[in-house]
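Please look at the sequence and the model first.

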Amino acid sequence: MARKLAAGNWKMNGTNASLAEITALAKAHPDPNCDVLICPPATLLSRLAEKTTGTAIKTGGQDCHAASSGAHTGDISAEMIADAGGSHIIVGHSERRADHGETDADIAAKTRAVWNAGLVAVICVGETLAEREAGQTIDIVAGQLAGSVPNGANGDNTVIAYEPVWAIGTGKVPTLDEIAAVHADIRDRLTTRFGDAGNDMPILYGGSVKPSNADDIFRVADVDGALVGGASLKAEDFGGIIASLERA
Ligand code: PGA
């Protein structure tokens, strides 16, 4: 059985002042019955990790380099994120795939780096609008899963996030049936490839999740939580989503 996870991705948002949201969130959810993760920009990682010590909130990175150290100006390694207090790292977010040309092979290499640092990889997959309209959603997601998730994935080291690119930051959300179809297919492929471990890997939905639609989304089979962008920036919104996941 996969654990439930509410994960927030602050993207390139947040300064020291934003840490007040974390204090409020921790206060409102001292003992949630699901995992809670915030992935702030790298500049805030260690400060956020310090702030959340002794709370139920975990800290994560938004990306890492595939190497553990070296001459890679501007990059950070999984080891550095672990050292800063992180427990998870998002890899293969569609914004990284689009802005930085990351391929499935790059994402698999980064995932192995995350594991080598002893952390959990949150591996993102999802189709573009053109791919959905061409009826290619299942094939695209299957290809990304096959290429981005290395052998050795299990429920302790890997979370999958299904994020339709066209639903990210747009307010558009697939129908519950559409979400169900993709999540069922992902679960099927994970158990076919990894056996029982495939049942233990949480599958998150991401893309315009808000307090107002979270209850419905979390009722869908094989949706074990959410990866949340915009609505993770405010404690009240993200807290509403955590409360939905706790009820699910
Ligand atoms: P959104 O972003 O919640 O703002 O749509 C989701 C994501 O990119 O993880």
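On a 1 Å grid over the protein atoms alone, a cavity is a set of points where a 1.4 Å probe fits but cannot get out, and lining residues have an atom within 4 Å of a point. The model discussed here is predicted.

Q: Which elements give two or more residues to the lining of the largest cavity?
A: The largest cavity has a volume of about 40 Å³, and the count of cavities of 30 Å³ or more comes to 1. Its lining is made up of Gly92, His93, Ser94, Arg97, Cys124, Val125, Gly126, Glu163, Val165 and Ile168. The elements that contribute two or more residues to this lining are helix H4 (94-99) and strand E5 (120-125).

Q: How many residues of each class are in the lining of the largest cavity?
A: The lining includes Arg97 and Glu163, and Arg and Glu count as charged, whereas Gly counts as polar. By class, the lining of the largest cavity divides into 4 nonpolar, 4 polar and 2 charged residues.

Q: What percentage of the ligand's accessible area does the protein cover?
A: An oxygen atom of the ligand lies 2.7 Å from an N or O atom in the side chain of Lys11, and a polar side-chain atom of Glu163 is 2.6 Å from a ligand oxygen atom. On the backbone side, a polar atom of Gly230 is 2.8 Å from an oxygen atom of the ligand. Of the 280 Å² of accessible area that the ligand has on its own, the protein covers 95%.

Q: How many charged residues does the shell around the ligand have?
A: The residues around the ligand include Lys11, His93, Glu163, Ile168 and Gly230. Among these, Lys and Glu belong to the charged class. By class, the shell has 4 nonpolar and 6 polar residues, and its charged residues number 2.

Q: Which element gives the most to the lining of the largest pocket?
A: The largest pocket has a volume of about 570 Å³, and of the 22 residues that line this pocket, the closest to its centre are Lys11, Gln62, Asp63, Arg96 and His100. The lining divides into 9 nonpolar, 7 polar and 6 charged residues. With 3 residues, the element that gives the most to this lining is H4.

Q: Which residues are the closest to the centre of the second largest pocket?
A: About 230 Å³ of space lies in the second largest pocket, and its lining has 6 nonpolar, 4 polar and 5 charged residues. Of the 15 residues that line this pocket, the closest to its centre are Arg3, Asp35, His88, Val120 and Gly155.

Terms used:
Residues numbered from 1 in each chain as written. Predicted model: local features only at pLDDT ≥ 70, side-chain atom pairs only at ≥ 80, totals over all residues. Heavy atoms only, no water. Near = heavy atom within 4 Å. Polar contact = N/O pair within 3.5 Å; in protein donor to acceptor, adjacent residues only side chain to side chain. Areas by Shrake-Rupley, 256 points an atom, 1.4 Å probe, with all protein chains shown as cover. 1 Å grid on protein atoms, 1.4 Å probe; cavity = no way out; pocket = protein on both sides within 12 Å on 5 of 7 lines; lining within 4 Å. Points joined across faces, edges and corners; volume = space filled by probe spheres on them. Helix = DSSP H or I, 4+ residues; strand = E, 2+ residues; numbered from the N terminus.
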